[in-house]
Amino acid sequence: MQAVRSLFIPKWSSDVRLDGKTAVITGANVGIGKETAKDLAGRGARVILACRDMAKGEQAARDIMREVKGAKVVARQLDLADTKSICQFAENIYNNEKALHYLINNAGVAMCSYATTVDGYEMQFGVNHLGHFFLTFLLLDLLKHSAPSRVINLSSTAHTMGKIQFDDLVSKKGYHPVRAYAQSKLANILFTRELAKRTEALGVMAYSVDPGFVNTEITRHMGSPFVSITKGLSFMLKTPAEGAYTSIYCAVTPENQLLTGGYYKDCAGAETARAGQDDGTALKLWAVSCHLLGIRWR
């Protein structure tokens, strides 16, 4: 089993230092986000854990500082299901941080029962796409000021099952948890492509990441069939630390070795489904997202 499992784990390492750099990582109190934060802190970066649950966020910060000598880590409250909370988080960042070099949009919900965000959007689309879209919009000035900087959006292989349902983006006509999740993960890729076009000349690069199949808390909402399948394939699952490899790869690899707007998996460039390469859909999604959030982002 171990020999088979090794086929799913990228063989990559880097000793790049990030002293003097600042990173924001959403959903960093557990799983892939926490492991990404630990690695970046170990490289000397100042890391801000953007977490919905502050008690868990502060505990994660203490854990990392205990495990990583000299780690500079703080937790800040952020609820991606609430645009007011996103605004308050961004205001806190501008008031307390002089620079922002990495925005890692890592948080997510998966295949949950139907629920809505505070602003009335279907939870998976609202958190996974709209919440991170809005957060990136609000923090972009600081990212530009700190250039060269990077935005890293976590997507999923599930995007291959996705379709952007412009006639029912927020699932008011009908809801299926897998379909909604796949749509949100496809939206992450399309957002990355369009963002990269708009910000490359400003020194802000954007990458989307597929962490692979990882044993994390994101599966907590999945029904029993998914849990059974996960248990049966447990030998293939990555640990959270292994799932963080590609996020870290996109953070520390020299820019001339990466393609802004690109999709990365197992610490290498990968090809998305055809729907993830549709620039017309990406542009339309951008416009609709701005409309839903009531913002102007040219």
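How much space lies in the second largest cavity? About 40 Å³.

What we're looking at is a predicted model, where local features need pLDDT of at least 70 and side-chain atom pairs count only at pLDDT 80 or more, while totals for chains, interfaces and linings use all residues. Residues are numbered from 1 along each chain as its sequence is written, and side-chain values use heavy atoms, with hydrogens and water left out.

First, the overall picture. The protein chain has 10 helices and eight strands; these are DSSP runs numbered from the N terminus, helices being H or I with at least four residues and strands E with at least two. Of the 298 residues, 54% are buried, and buried means under 20% relative accessible area, exposed over 50%, partly exposed in between, with a 1.4 Å probe and protein chains only. Now contacts, meaning heavy atoms within 4.5 Å. Take those between residues at least 6 apart in sequence: 78% of them join residues at least 24 apart.

OK, back to the empty spaces. Rolling a probe the size of a water molecule over the atoms shows where empty space is left. On a 1 Å grid over the protein atoms alone, a cavity is a set of points where a 1.4 Å probe fits but cannot get out; lining residues have an atom within 4 Å of a point. Grid points are joined across faces, edges and corners, and a volume is the space filled by probe spheres set on the points.

The structure holds two cavities of 30 Å³ or more.

Among the residues lining it are Asn105, His132, Asn153, Asn188 and Phe191. Helix 6 supplies the largest share of that lining, three residues.

Let's zoom in on Asn153. Buried or exposed? Asn153 is buried, with a relative accessible area of 2%, and it lies in strand 5. Leaving aside neighbours within four places in sequence, Asn153 is in contact with residues including Asn105, Asn188 and Phe191.

Rings of Phe, Tyr and Trp (its six-membered ring) pair if their centres lie within 6.5 Å; planes under 30 degrees apart count as stacked, over 60 as edge-to-face and the rest as tilted. The whole structure has 12 aromatic pairs. One of them, Tyr114 with Tyr175, is edge-to-face, at 5.1 Å centre to centre and 70° between the planes. That pair links distant parts of the chain, 61 residues apart.

Another one, Trp286 with Trp297, is tilted, with 4.4 Å centre to centre and 50° between the planes. Trp286 lies in helix 10 and Trp297 in the segment after helix 10, so the pair ties together parts that are 11 residues apart in sequence. Both Trp286 and Trp297 are buried. And here's Phe191 again: Phe133, Phe134, Phe137, Phe191, Trp286 and Trp297 form one aromatic cluster.

Technical notes: 1 Å grid on protein atoms, 1.4 Å probe; cavity = no way out; pocket = protein on both sides within 12 Å on 5 of 7 lines; lining within 4 Å.
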